[in-house]
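Me: Please show me the model that we are going to read together, and then let us go through it question by question.

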Amino acid sequence: MTPPTEESRKRTPTDYIFGKVLGEGSFSTVYLAKDVHTGKEFAIKVLEKSHIIREKKTEYVMREKEVLRILGNSCPYFVRLFWTFQDRDRLYFVLSYAKNGDILTQIDNRKTFTIHCARYYAAELLLGIEFLHDKGIIHRDLKPENLLFDENWHLLITDLGSAKILSSEKPEADKSKTRRNSFVGTAQFVSPEMLTDSQSSFESDLWAFGCILFQMVCGEMPFRGGSEYLVFQKILKLEYAFPEGFDECAKDLVESLLVIEPGKRLGAADERRYSSIRQHEFFSGRNFDDLGPPPKLG
Ligand SMILES: O=C(O)[C@@H]1CCC(=O)N(CCc2ccc(Cl)cc2)[C@H]1c1ccccc1Cl
């Protein structure tokens, strides 16, 4: 029996010094933590077993772990899962630490988040979505808060807890079949089909991509309202408007993504994902095989 390497050795909470809270979800708290042996920093997502069981979310926890395992470190645009461990009361996910925060903070700084930043990060987001969909996974909760930055200001997509893995044996059947999923994403980014027949598909992520692009370009969400119900009404009626001065190319791309009928969204019919979005004029001049260095940000 070969002794475990540092990498493979099972971790316990005592391997880390827990620091500040980086974020809180409904079922988890994420802490900044330092590995006592290497000094490396991680984001450790901690979940209370009793809370997960009471809220019947065990399936989501197991799925998030499975999705992160499938992703491994094969795509640079996703937060990476290094280890998981548990103690009597809690589950621990040791994740990459996104030390430059999330894109929402940057989008809100309209002086520095220019159309060039919007184009660059929309391109990185598209590459991440292509990778995820090619693995048969739908994110289902894409939104600026879930788009983080690594130490070099490249995008890191996170929160795979809402993802759905389309079973490989019957990918088509999965899409057509209307299943009563209880899951709905975040109100302002949820697609019409997730509201009407609670059926999410790859195109649901393309809808969210359109909403995020709108917000990157003008700083506002396309569908806003005083309550979730009012937001849902606007989504189902496609009730949104472009502010004065909205980039014309970006406007055309947003309009081709924010389409009620999933199959009619730009990219939905692509042989190879997502050639028709890559070829849109908004990305003209972009080399998706080498997007170059990120723009200077905050
Ligand atoms: O899938 C795994 O890697 C193991 C398998 C063994 C195991 O017991 N767990 C924890 C399973 C679990 C999930 C939810 C609750 Cl509320 C309690 C236990 C899993 C686990 C351990 C640590 C962190 C996350 C998970 Cl899912």
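Me: At what angle do helix H4 and helix H7 pack?

Reply: This is a predicted model, in which local features need pLDDT of at least 70 and side-chain atom pairs count only at pLDDT 80 or more, while totals for chains, interfaces and linings use all residues. Residues are numbered from 1 along each chain as its sequence is written, and side-chain values use heavy atoms, with hydrogens and water left out. Helices are DSSP runs of H or I with at least four residues, and strands are runs of E with at least two, both numbered from the N terminus. The axes of H4 (residues 115-134) and H7 (residues 202-218), lines fitted to C-alpha atoms over the stretch in contact, with angles from 0 to 180 degrees between N-to-C directions, lie 10 Å apart, and the helices pack at about 170 degrees.

Me: Which residues have the most contacts inside the largest nonpolar core?

Reply: A nonpolar core is a set of buried Ala, Val, Leu, Ile, Met, Phe, Trp, Tyr and Cys residues joined through side-chain atoms within 4.5 Å, where buried means under 20% relative accessible area, exposed over 50% and partly exposed in between, with a 1.4 Å probe and protein chains only. The largest such core has 78 residues, and those with the most contacts inside it are Tyr121 and Phe283.

Me: Is Glu151 buried, partly exposed or exposed?

Reply: Glu151 sits in the loop between strand E7 (147-149) and strand E8 (155-157). Because its relative accessibility is 48%, Glu151 counts as partly exposed.
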